[in-house]
Amino acid sequence: MRHLVSILVAFVILLGAWPAAAQVAEETSTAVQGFERELGVISQAFDGARQDDGALADLSSRVHAVEEGLIAAGVKLSPRLTEISARLDQIGTSADDQAEPSVLQEQRSALLEERSLLYELIGRMEELSVTANTLANQITEARRELFTTTLSRRYDITKAFTGELLADLRDRYSDLADKVTSWANFVWQYKRGQMLTATALSLAAAVMVLVFARRLLGRLIRRDPEAVEPGYFSRLLIGFLGTLLPTLGVWVFLSLVFATYSYFSVLRGDIGAILASLFVGTAVIVLVSQLAEAVLAPRLSQWRLVAVTDHAAGILKFLVVVMAITTVFNEVITQILHVVGESLPITVATSLVSSTLTGLLLLAISAVRPFAGGEGEADQPWPGVIRLLLRATGIVLILAVSAGFIGFAEFGSRQIVVTGAVASTIYLGYLAAHALSRESALVDSRFGAWLRRTFEMSDTRIDQLGLVAGILLTIALAVIGVPVLLLLWGFQWADIRGWILSAVNEFSIGSLSISITGIIAGVLIFIVGYWLTKVLQRWLDRDVLTRSRMDTGVRNSVKTAFGYVGVTIAALIGVAAAGIDLSQLALVAGALSLGIGFGLQNIVSNFVSGLILLAERPFKVGDWIEAGGVSGTVKSINVRATEIETFQHKSVILPNSELINSAVGNWTHRNTLGRVEIPVGVAYESDPNQVRDILLDIAREHPLVLSNPEPYIAFLNFGDSSLDFDLRVYLADIGNVLTVGTDIRFAILERFREARIEIPFPQRDLHLRVVREDDKKDVAVALDLGSMGPDAQTGRNE
């Protein structure tokens with residue numbers, strides 16, 4: 001019988017698991033072969049790409065992709081190996097019984113063979129991982145050496161002043177003219193329609209962007225020439241948008257032209273490279289010009305962001321724009337030489353001219369006196385540190401290019417212009433975002449007035465919108481600006497992409513694996529789950545529980561419990577989506593338990609007490625209770641505490657544990673029926689039967705007093721000064737106790753006066769003692785006449 005069961009189990013396992021296992025091994029083997037081929041291709045291409053940083057960056061990205069693929073393949077094999085080990089443990093690694101069924105023997109052999117294959121694959125993947133890591137390090141080292149060599153290579157600048165320069169200029173110009181002419185003739189004859197269509201589409205798109213931006217934000221970003229001392233926030237915002245929007249329009253047009261030309265096959269590779277450099281250079285010049293206009297505003301001093309004179313503003317803008325044109329010209333010439341053929345004399349000459357001119361422009365900027373002096377005094381120069389930095393940078397560029405360090409000089413000139421423009425734009429945007437997030441900054445601006453007028457927003461909502469917009473703008477500047485700056489400093493997009501993927505992909509801290517994308521996904525899932533819980537809570541309370549005619553307190557308990565369950569489920573799903581294994585948090589959980597045992601025990605006690613209150617419902621929302629020396633209506637039962645509103649409309653927050661551990665009086669626990677007791681004292685001369693009849697008549701005449709149970713009179717005591725009665729009446733709603741009690745007391749006072757029944761007050765006899773001293777009749781009377789009433793005054797007179 002035992003063998004029969006084993007045969008059936010083994011047969012089922014073989015039928016269900018073997019095809020899937022074979023497929024996993026086959027897929028992994030195919031992937032490993034692909035990784036081997038890819039690393040071979042990368043290794044062969046590495047030697048030929050040592051002088052091209054872009055090619056090296058692409059190879060580095062491919063190596064990282066192989067490493068990630070190897071890791072994924074290993075993770076894919078791990079569950080199968082665990083499963084094989086578990087099955088071998090069940091059936092044994094060798095036959096202990098000679099009469100063992102052949103099915104089990106076949107399965108054991110298949111599992112052992114598969115395990116050997118998987119171990120072999122894992123060994124190959126480990127070898128490939130080592131190879132990939134070594135190759136990645138070699139590529140990184142080659143890129144570092146290339147960068148260092150480019151900056152430190154020294155050229156003979158005398159070649160820029162020989163006849164070879166003129167000959168190379170003629171040859172390269174002739175080659176460029178031939179390439180452009182042949183391309184233009186071909187396009188005009190065979191691609192004329194596509195070129196005109198692409199140009200028209202690009203121009204139309206750029207015009208649409210500019211028109212839309214002008215219509216939407218034109219009034220908000222226009223500098224009013226008649227404005228008198230506009231606010232700093234308005235100047236910053238208009239300066240930032242005035243820089244961004246025109247530059248964006250030009251960039252959109254140039255990008256669309258290039259994209260549509262490529263799509264319609266209008267461009268050749270060589271012409272496309274030259275056109276791309278021209279477009280990028282034009283975009284940089286526009287950016288620098290718009291930025292200089294936004295910061296310096298030579299013709300509108302009231303909108304200027306820096307406190308310089310009008311004369312200095314015009315000079316500084318001119319010098320900055322000329323510097324940008326010089327740098328762009330050098331970059332375009334360099335790209336043209338890549339297309340038509342390298343020429344060392346031309347390269348040295350253009351670098352010598354552009355770097356020297358950039359250095360001279362920096363020296364000229366340092367010589368400008370931008371700040372207005374006092375009355376009758378000359379304008380003031382830059383602060384000493386800025387002036388020293390400008391002069392040192394200019395002199396270093398001139399000396400570097402004069403000494404033949406062309407690569408270093410070109411790199412420095414390019415970073416000064418392009419990086420300076422981008423960094424200044426980012427900083428200007430940051431200042432605008434910071435000013436935007438200040439309290440009431442957006443409310444007092446023209447944009448805030450437009451929002452108030454167009455969308456009827458309140459000042460509070462506009463201020464909150466300004467805070468959110470400032471935060472989002474800061475995040476956008478960081479997300480976009482940092483990669484752009486890295487690209488400008490020579491990093492390749494493949495590098496940046498690899499860093500981003502490394503940051504957002506899973507990384508480990510000890511045995512805990514964390515993924516940025518997983519955490520973001522988990523947070524988003526929790527937010528969505530929390531929102532769905534609130535929506536379902538409102539639907540449950542409004543459409544389901546209302547129709548069930550449940551008591552209000554029961555409905556509140558059900559709704560609250562549903563909210564707890566929904567938030568808990570959303571949190572668990574969010575944690576699972578974040579890829580956090582709760583079993584790896586055992587140490588944290590232990591520490592948390594210890595903290596709960598000491599510092600958090602009150603919070604946990606209140607939380608558990610809140611759950612008990614919702615389950616047992618000793619009181620519910622709307623009940624009138626007395627607890628902790630407080631009497632009032634229950635407004636809400638929360639996780640930690642319960643809110644009670646007194647009859648003076650004061651909210652009292654009582655911890656739930658106090659409501660569980662202490663006595664709680666509930667006037668409306670099962671129903672609102674309640675009894676009102678009104679004590680009444682009458683003089684001893686009064687007729688008790690008459691008093692009883694009057695009190696019962698008053699109680700029966702009141703509309704809110706129940707006739708069943710009927711009112712009754714209790715003769716309680718023979719008091720010191722009165723006969724003590726107690727009028728007891730029942731109300732359908734105990735909440736009317738004050739109203740009914742007040743009405744009955746007014747009626748008692750009125751009826752007793754009509755019947756000449758006296759309501760006495762306590763009376764006391766006062767004895768005076770006369771003190772004589774040395775036969776002198778000095779009377780010392782220790783009395784407070786104001787506190788004794790008419791009887792005391794009579795006694796004094798006597």
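The model is predicted, so local features need pLDDT of at least 70 and side-chain atom pairs count only at pLDDT 80 or more, while totals for chains, interfaces and linings use all residues. Residues are numbered from 1 along each chain as its sequence is written, and side-chain values use heavy atoms, with hydrogens and water left out.

Start with the second largest pocket, at about 1,100 Å³. A pocket here is an open set of points on a 1 Å grid over the protein atoms alone where a 1.4 Å probe fits, with protein on both sides within 12 Å along at least five of seven lines; lining residues have an atom within 4 Å of a point. The volume is the space filled by probe spheres set on the points, which are joined across faces, edges and corners. Its lining has 30 residues, and Val-295, Val-320, Trp-382, Gly-420 and Ser-424 lie nearest the centre. Helix H11 (406-436) is among the elements giving two or more residues, and H11 gives the most, with 9.

Now hop over to helix H21, residues 737-754. Helices are DSSP runs (H or I, at least four residues) and strands likewise (E, at least two), numbered from the N terminus.

Notes: Expected span 1.5 Å × (residues − 1).
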